[in-house]
Amino acid sequence: MSLPLIGLFLAAFAVGTAEFIVAGLLPALAADLGVDIPTAGLLITGYAIGVAIGGPLLAIFTGSLPRRPLLLALMVAFVFGNMLCALATDYWLLLGARLVVACAHGLFFGTAMVVATRLVPRGRQSTAVSIVIAGITVANVLGAPAGAAIGYRFGWQMSFWAIAALGIVATGALAVLLPKTAPEGEPKQASLWSEVRVLGRPVVLLSYAMIALAMTAFFVPFSYIVPILTEVTGISTANVPWLLFISGVGGIFGNLIGGRLGDWKPMPALVVIFTLGLALYLAGLVAVHDPVAMTIVFFFWALVGFSFAAPVQTRILTAASDAPNLASTLISTAFNIGIAAGAWLGGMALTFGWDYAELPWISAGFLAITLVVALLSWSLERRGAAGSAVAAGQAGTGG
């Protein structure tokens, strides 16, 4: 791992911790802010919507800026936003502060992915992407559990102060470790029309669909994982950070596996991953009532949830390599549309009388749809490759 990638990893760790921290603090936030659990869950939905909308809008207006100063400016905004979260005195102020962080998040990951792929040799792009994603998975292992533990011990405001401090460290690391220009220099900026046009390519569109559908499936139960574990499975609140730690370990393994598969055969890997995910969420309907079984299933939920990320993102970055800025930022949009939809659907199901234990049914349904989209994308990809081979053969024979 090169030093610049370490800097991107640290920054991704800080941003990932900020995104996931609310799920671990949900009951404490709801109690302190005087709202119910589904309303507090909108802090997750609102953040995701901020990423989905704010990131692409910022990408349009910052497309001509050099990538290194842009990353540093985004991290400064991230630190400022988390300080505002720590100072928030009611629900709406906290939601507004989270939106500031979300906008920085949206553009940060799109920019970081492009920078990462330009710091490595050709053929290693998926591995580079997985290193950035590893920051998010380690955020699940260390950041989210530690943040939850800090919040329950010292108050949720202290969790956001800790994230702001982490952001300052990550900003310093980027300033020191990122080269002032990529090895090949700053790339020529594509026109806005070129940036928009690549979004219509089937590989790009179907990859976005896979991301949004899969993340919806994963975040229906994850948004409410604390009450699921405490009220249904019977795990004590004090042990929840340990379960989040175990989930994060699964995410690390999944991310490492996904990075390797993305440099090998991404589409067969994605089909297998989504099939396993469907089976695991069906298994979760039974496992949720037993602490040991739920711990095992929760580990594999995270493993599958993170293993698809590198292959599907690399497909987008490769297909849009001639105009990557907007396309790369919309990756975070697709992820966070799924996160927002998952949190919202979970909250709606609870509002209409569903039990926490029934939420995996929604996950299984969305993963079934994701699998269909993956099979369609793979079929179109194979047809396109076959057509290109025929055309090349005809050109070679003068036909």
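Helices H3 and H4 cross in a left-handed way, where left-handed means that the near helix is turned anticlockwise from the far one by less than a right angle, and right-handed that it is turned clockwise. The model is predicted: local features need pLDDT of at least 70, side-chain atom pairs count only at pLDDT 80 or more, and totals for chains, interfaces and linings use all residues. Residues are numbered from 1 along each chain as its sequence is written, and side-chain values use heavy atoms, with hydrogens and water left out. Helices (H or I, at least four residues) and strands (E, at least two) are DSSP runs, numbered from the N terminus.

**Helix H3 with helix H4**

- Helix H3 (residues 67-87) packs against H4 at an angle of about 155°, and the two axes are 8 Å apart. Axes are lines fitted to C-alpha atoms, for helices over the stretch in contact, and angles run from 0 to 180 degrees between N-to-C directions.
- H3 and H4 are therefore roughly antiparallel to each other. Angles over 145 degrees count as roughly antiparallel, under 35 as roughly parallel, 65 to 115 as roughly perpendicular and the rest as oblique.
- From H3, the contact includes Arg67, Leu70, Leu74 and Phe78, while H4 contributes residues including Leu94, Arg98, Phe108 and Val115. Contact means heavy atoms within 4.5 Å.
- The contact of H3 with H4 has 17 nonpolar, three polar and two charged residues. Ala, Val, Leu, Ile, Met, Phe, Trp, Tyr, Cys and Pro count as nonpolar, Asp, Glu, Lys and Arg as charged, and the others, Gly among them, as polar.

**Helix H5 with helix H13**

- Helix H5 (residues 125-154) and H13 pack at about 125°, with 9 Å between their axes. That angle makes H5 oblique to H13.
- The crossing of H5 and H13 is right-handed.
- On the H5 side the residues are Gln125, Ser126, Val129, Ser130 and Ile133, and they meet Ala309, Ala310, Pro311, Gln313, Thr314 and Leu317 in H13.
- Six nonpolar and five polar residues make up the contact of H5 with H13, with no charged ones.

**Helix H8 with helix H11**

- The axes of H8 and helix H11 (residues 266-287) come within 12 Å and cross at roughly 25°. That makes H8 roughly parallel to H11.
- H8 passes H11 in a left-handed crossing.
- Met210, Ala214, Ala217, Phe218 and Pro221 of H8 make the contact with Leu270, Phe274 and Tyr281 of H11.
- The contact of H8 with H11 has eight nonpolar residues, no polar and no charged.

**Cavities**

- On a 1 Å grid over the protein atoms alone, a cavity is a set of points where a 1.4 Å probe fits but cannot get out; a pocket is an open set with protein on both sides within 12 Å along at least five of seven lines; lining residues have an atom within 4 Å of a point.
- By this rule there are four cavities of 30 Å³ or more. Grid points are joined across faces, edges and corners, and a volume is the space filled by probe spheres set on the points.
- The largest cavity has a volume of about 440 Å³. Its lining has 28 residues, and Phe20, Ile136, Met215, Phe219 and Phe306 lie nearest its centre.
- Elements that give two or more residues to this lining include helix H1 (3-33), helix H8 (202-222) and helix H12 (291-307). H14 gives the largest share of the lining of the largest cavity, six residues.
- By class, the lining of the largest cavity has 18 nonpolar, nine polar and one charged residue.

- The largest pocket holds about 370 Å³ of space. Twelve residues line the largest pocket, and Thr117, Arg122, Gln125, Leu317 and Ser321 are the closest to its centre.
- Helix H4 (91-117) and helix H13 (309-319) are the elements that give two or more residues to the lining of the largest pocket.
- The lining of the largest pocket has five nonpolar, four polar and three charged residues.
- The second largest pocket holds about 180 Å³. Among its lining residues are Val203, Pro266, Arg315 and Glu381.
- H13 gives the largest share of the lining of the second largest pocket, four residues.
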